[in-house]
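Here's a quick tour of a protein chain and the ligand that goes with it. Take a look at the sequence and the structure first, and then read on.

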Amino acid sequence: MLKKFKEFLQLFFSTREPLTYPEQQVTIHGQLYLARQLEVVDVDQVFALEGDVYFNEHPWTRGTYIHELRQSKSKLYLGLFLDSQLLGFVGCRVASGDCHITNVAVKPALQSNGLGSWLIDEVEKFAIMWQCESMSLEVRVSNLSAQRLYRRKGFVSRKVKYNYYDDSAEDALDMVKYL
Ligand SMILES: CC(C)(COP(=O)(O)OP(=O)(O)OC[C@H]1O[C@@H](n2cnc3c(N)ncnc32)[C@H](O)[C@@H]1OP(=O)(O)O)[C@@H](O)C(=O)NCCC(=O)NCCS
């Protein structure tokens with residue numbers, strides 16, 4: 001990695017353990033948001049947002065989120081807030097040189113305003129800081145709008161995971177971006 005680029009990224013991420021993401025104000029499509037790491041106190045908001053997005057289905061329990069947020073290393077859970085209200089978040093975990101996006105969701109009323117794209121870009125910076133070779137995620141085969149966003153971000157299809165989702169046995173598309 002170019003030294004200057006690495007220095008630039010270190011403005012965003014501190015490499016002390018546990019890795020911290022400094023709280024910052026960010027402008028996305030002309031609107032100012034607060035971006036910060038999610039904490040256990042945010043779990044109710046995360047859960048509510050997930051309910052909005054998935055029609056009251058919850059892929060993860062509150063306990064799963066709390067467990068994830070308490071893991072100190074190799075993960076980033078990042079939220080975008082306006083007036084203390086969580087409007088979007090992304091989660092990722094690093095393992096074996098891959099940064100896996102575990103969740104990404106934006107409040108329905110705020111979708112198509114660039115929040116999802118911004119959150120994925122932040123994960124990419126995080127993945128580069130961890131010297132990952134790739135980023136990956138799974139997405140429902142029916143979720144064409146999310147797939148469009150991921151392809152625009154440089155993800156490509158790797159394989160289909162059959163009967164991947166417990167609720168509907170829907171297949172997942174396994175997508176990867178090589179860094
Ligand atoms: C997938 C998801 C996270 C994307 O977040 P988002 O904030 O809507 O994403 P963005 O706004 O960055 O981009 C999405 C779309 O908005 C469009 N868009 C973004 N900014 C725009 C603008 N200023 N003007 C017009 N269109 C714009 C993008 O072109 C894209 O359009 P397309 O899907 O029709 O191609 C969000 O839609 C979501 O929460 N979906 C439900 C949960 C989900 O499916 N999660 C993913 C599971 S793998």
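What follows is a short briefing, sorted by topic.

This is a predicted model, so a few ground rules apply: local features need pLDDT of at least 70, side-chain atom pairs count only at pLDDT 80 or more, and totals for chains, interfaces and linings use all residues. Residues are numbered from 1 along each chain as its sequence is written.

**The overall layout**
- The protein chain has five helices and eight strands; these are DSSP runs numbered from the N terminus, with helices being H or I of at least four residues and strands being E of at least two.
- Going along the sequence, the order is α-β-β-α-α-β-β-β-α-β-α-β-β.
- Among contacts with a separation of 6 or more, 56% link residues 24 or more positions apart; a contact here is two C-beta atoms, placed from the backbone, within 7 Å.

**Around the ligand**
- The ligand is surrounded by 19 residues, and the closest are Gln111, Ser112, Gly116, Ser117 and Ser145; to count, a residue's C-beta atom, placed from the backbone, has to lie within 6 Å.
- Two or more residues of this shell come from each of β5 (98-106), α4 (115-129), β6 (134-140) and α5 (144-152).
- The top contributor is α5, with four residues.
- By type, the shell has nine nonpolar, nine polar and one charged; Ala, Val, Leu, Ile, Met, Phe, Trp, Tyr, Cys and Pro count as nonpolar, Asp, Glu, Lys and Arg as charged, and the others, Gly among them, as polar.

**The core and helix α4**
- The largest nonpolar core has 36 residues, and Leu78, Phe89, Val90, Cys99, Leu119 and Val123 have the most contacts inside it; such a core is a set of buried Ala, Val, Leu, Ile, Met, Phe, Trp, Tyr and Cys residues joined through C-beta atoms within 7 Å.
- Helix α4 supplies the largest share of this core, eight residues.
- Buried residues of α4 include Trp118, Leu119, Ile120, Val123 and Phe126.
- Cysteine 99 touches Val123, Phe126 and Ala127, among others, leaving out residues up to four places away in sequence.

**Strands and turns**
- β3 and β4 run antiparallel and are joined by eight bridges; strands pair if DSSP finds at least two bridges between them.
- Lysine 75 sits opposite arginine 93 in β4.
- The β3 and β4 hairpin has two residues between the strands, and aspartate 83 has a positive phi near 50°.
- β4 also pairs with β5, antiparallel and over eight bridges, with glycine 91 opposite asparagine 103 in β5.

- Where is glutamine 25 found? Glutamine 25 is in strand β1 (residues 24-28).
- Glutamine 25 is exposed because it has 8 other C-beta atoms within 10 Å.
- Glutamine 25 and leucine 80 are 55 residues apart in sequence and 9.3 Å apart in space, C-alpha to C-alpha.

Technical notes
Buried ≥ 20, exposed ≤ 12 C-beta atoms within 10 Å, placed from the backbone.
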